[in-house]
Amino acid sequence: SKLYGMLQPGESETAAVRAVFIMDPEGKVRLIMYYPLNVGRNMDEIKRSLLALQTSDEHKVAMPLNWQPGDKVIVGAPKTIEALAARKADKELEQIDWYLAKKTIG
């Protein structure tokens with residue numbers, strides 16, 4: 001059967017979906033997850049998302065697919081030739097390509 005938006009066919013069109021909002025200390029919405037009524041929320045994923053946001057903010061990095069706390073993180077791409085040279089000299093980085101590198105934090 002087809003899904004229409006967030007509602008199953010035959011479900012009430014006035015029923016609310018479940019939503020999870022993560023806001024930062026300044027009140028800015030940083031993440032929104034929506035769940036249809038027939039799908040339970042995943043507390044492990046909610047916690048992982050919160051930790052990823054906190055880690056990203058603290059270390060100015062991004063998270064790769066399926067990141068879990070303790071995994072390597074993605075370092076932003078260099079914006080200058082000098083930054084690229086510094087990246088190439090950094091032996092602590094896992095350098096996948098000139099624009100993509102990972103590192104361990106902790």
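A salt bridge here is a side-chain nitrogen of Lys or Arg within 4 Å of a carboxyl oxygen of Asp or Glu. With that cut-off applied to this predicted model, a search of the whole structure turns up four salt bridges.

One of them pairs Arg30 with Asp24, and here the closest N and O atoms sit 4.0 Å apart.

Next comes a pair within helix H1, which covers residues 43–59. Arg48 forms a salt bridge with Glu45, and their closest N and O atoms are 2.8 Å apart. The two residues are three positions apart in this helix, so about one helical turn separates them. Glu45 itself is partly exposed, its relative accessibility being 28%.

Then there is Glu94, which makes a salt bridge with Lys72 at 3.0 Å between the closest N and O atoms. Glu94 belongs to strand S4 (residues 94–95), while Lys72 is found in the loop between H1 and strand S3 (73–75), so this pair ties together parts that lie 22 residues apart in sequence. Both ends fall in the middle class of accessibility: Glu94 is partly exposed at 33%, and Lys72 is partly exposed with a relative accessible area of 34%.

How values were computed
Residues are numbered from 1 along each chain as its sequence is written. This is a predicted model: local features need pLDDT of at least 70, side-chain atom pairs count only at pLDDT 80 or more; totals for chains, interfaces and linings use all residues. Side-chain values use heavy atoms; hydrogens and water are left out. Helices (H or I, at least four residues) and strands (E, at least two) are DSSP runs, numbered from the N terminus. Buried means under 20% relative accessible area, exposed over 50%, partly exposed in between (1.4 Å probe, protein chains only).
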